[in-house]
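Please examine the sequence and the structure below before reading on.

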Amino acid sequence: MNILRLLSALVVGALLLIFSYLFHDGIRVSEQVKIPGLARILNPAQGLWQNSERTVSKTLDLPGLKDEVRIYYDERLVPHIFASNDEDALFAQGYVVASQRLWQMEFMSRLAAGRLSEVFGKATMNRDLLMRKYGLEYSAKKTVKGWSEYGPEADKISRFNAGINHFIQEMDLAKDLALEYKLANYTPRRWRDIDGALLSKYMSFTLARGNRDIFETNSRILLGEELYAELYLTRNEKQVPVIREDVSEEYAAERVKPEDVDYLDQPLEGLDYKNFEFIEGAGSNNWAISGSKSSTAAPILANDPHLQLSLPSIWYEMHIVTPESNSYGVTIPGVPGIIIGFNNHISYGSTNVGHDVLDHYTIDWIDEEKGTYRVDGQEKQAEIIPQVIEIKNNPDIKFDLKVTEFGPVIFESPVESTPDLAMQWIIHEPPIGPEMTAFFQAMKCKDYDCYKKATGHFHSPAQNFIYADVKGNIGLRINGVLPVKYQGEGKTVKKGTSSQNRWSEFLPRAANPQTYNPELGFVSSANQITTGPDYPHPYNGGFEDYRGRRINELLESKEKFTVEDMKNFQQDIVSLKASDLLPTLLQITQSATEEEKEILDILSAWDYSYDQSKTAPVHFDGWLKTIETMCWDEVRKDSIITSRPEVWRMIELAIGQPDHRVFDILDTEKKENFTDLANLALKQYVLELDKDEDYRWGKQMPARINHLLNIPAYSKQNLELDGCGEVLNAVKNGHGPSWRMVVSMEEEVKAWGVYPGGQSGNPFSPHYDDLIKTWSNGDYYELLSTGNEETIQAKSKITQTMKPTNE
């Protein structure tokens, strides 16, 4: 495998050379283009053959340490850090993470800032432009400025960054420089506070950017207000909310819909679809059962965040021991502390909330230069922030980021009938506290009050923070900044002619939905709707409609559960979407051909499981997609982007109102109902099948874990796995369970975990992707989390000692 990766790297380097040498905005050039890294790749002293595994036992004399730090790497290259104080632990954490994942850290920071093209050239130009328009760097600068108000906590960040920068300063560019630096011919830069802030902003970009207001504005115009209101619902009545027994504090704030919030009467045309695409596939599951439902009489917590799967992996597993805490879990490289994990007293995790916290507003420009706009009948000047995107070996791109009182202008329309749009997005709001150390403080907590306080400054993306402890307590709080909205606010684009149209008040954290030791005996979340209809503060968003129901169904299925049950639930592949709809389809469908009968027979025998070896999931999905395409012809129009109503709503109508007008095909004289549509869709689907094709689910929908630069030899592709986006084992579109963890909160805490990757970011290391097979097979590692240093030392393969020096 290493030979294959070496050859691939040489090929990639050659291609970079060819493209840079021959093409410059489509024009042939020569002398002015530098060869990108080829000399470094082939150099025997600094080339690719130097990139073998370099984590070795050693002693380091380091300035700034208060005391000695010992780091033990086990057989999976998980570091176990033993430090006598927080400052040294943070320094060591920064150093260790940088030694394994520095290139990944810098890549993600550059990605968020819109600065990839500085090192990768034209290939990343459009991505950089998008990130600049979303204003992540603009937001990160404001956040870092806010952090300066929290001196002691800022000092902790400084120690973490110092560890990273010491590794950068002392690294051997021949042996320690990551392959990707050599391929693109650049070297690391110093790690700054803003780099850590950018990582946080990018998580919000991934998890708190979802909105449908542009799509639904167009759908409302095409359908009319009455039909739009009937079809585009936020609440699925079959879903079980995250919070079933709410103990949040009352808060009297109520936002009244302003009188002058007019709906747009012309569709929004000419939009770049990719700029506004709703991100699906990113989600998560978590749950915790109380001791009363546990076979061990102790709570059990399970968490599996579903994120984009990549190599190097999004998570880095580690163990940090100080006199205050024995903490184990995973972090995002570049973020201090343990984000999801446990200690001797508590365990904790998170899933995404999914509230819509990004709203769009039209801008009423006054001048042709688009620097002055009208709000409340008054002229206002937009803040103009010049942007320069440096593109390696190519001319820079320059434009102005225009910031209105609503937020940055995300879209300047090329169509006269479509106004420019600004966005109000939660990430552009100032920090509410020292969020940068939230997870480092949380990992040291011993009870729920401490955990809530430590994470109370967490800003965004809003998460379902779950909790369990050795005293038998369980809890779940929606954690993050949530705006006070009126009913339906943000479902469609608002006019930016009045300052009252923007939200300006936020719920105090105590008023966020939350539950603690509910009578149910468990808490759970899977990105479904947060609360029941009686919660007093309106919200909307993108909510999952099946996994939450399935978790509740499983956790109510018997009296007691084991750790193995929790693991099995994380691997569950039963689709409630299929069980909701398929019986009706089979009842109303008549097969006219042998081919149709064969498909119906397969589906009739199906148990609704998305097993990679079965063909039924492929046929169900294919049939359903054909039905959806036929059904929603009302919201199809060239040049206008729209969104379909959610699939659960169509299923609900198909079963309860099969003669509803949405099932009528507009291009036919006949008035069709759902039975007609289902039969027509089956015929069309079967006609398009290839009898020689392999229709097993794993073959048709293979999973992938791509390298961040999409280099095939450093990726894992065509993985035939169980699962889909609507089942608990939610593998979909390159997303999936990025860290599976189960923790039994017994007197001596026990835990199991696995993630799809490896500890090292080096493709030539045996620990680059060595965990993927275990993860794919649904197996777990028992986590070596004891705070006994002798035990850890006895099981370690590599030892590194950091000693303080006065130099």
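Strand β8 pairs with strand β9 (residues 340–342) in the antiparallel sense, over three bridges. Two strands count as paired if DSSP finds at least two bridges between them. Within this pairing, G329 stands opposite G341 in β9. Strands (E, at least two residues) and helices (H or I, at least four) are DSSP runs, numbered from the N terminus.

The model is predicted: local features need pLDDT of at least 70 and side-chain atom pairs count only at pLDDT 80 or more, while totals for chains, interfaces and linings use all residues. Residues are numbered from 1 along each chain as its sequence is written, and side-chain values use heavy atoms, leaving out hydrogens and water.

**The sheet**

Both strands belong to an open sheet of 11 strands with mixed pairing, in the order β1-β29-β2-β3-β7-β8-β9-β10-β18-β19-β21. Its edge strands, β1 (58–63) and β21 (514–516), each pair on one side only. From one strand to the next, the twist averages 20°. Helix α3 (residues 86–113) packs on the sheet and touches several strands, including β1, β7 and β8; contact here means heavy atoms within 4.5 Å. The direction of α3 makes about 155° with that of β7. Such angles run from 0 to 180 degrees between N-to-C directions, and the axes are lines fitted to C-alpha atoms, for helices over the stretch in contact.

**Salt bridges**

Side chains of opposite charge can pair when their charged atoms come close. A salt bridge is a side-chain nitrogen of Lys or Arg within 4 Å of a carboxyl oxygen of Asp or Glu. A search of the whole structure finds 38 salt bridges. Three of them are listed here.

| Pair | N to O distance |
|---|---|
| D195 and R189 | 3.4 Å |
| E324 and K444 | 4.0 Å |
| D572 and R550 | 2.9 Å |

Where do the partners E324 and K444 lie? E324 is in the loop between β7 (316–321) and β8 (326–331) and K444 is in the loop between α13 (438–442) and α14 (448–454), so the pair ties together parts that are 120 residues apart in sequence.

D195 is buried at 1%, whereas R189 is partly exposed at 23%. E324 is partly exposed at 47%, and K444 is buried at 13%. D572 is buried at 11%, and R550 is buried at 12%.

Note on methods
Buried < 20%, exposed > 50% of the residue type's maximum accessible area, 1.4 Å probe, protein only.
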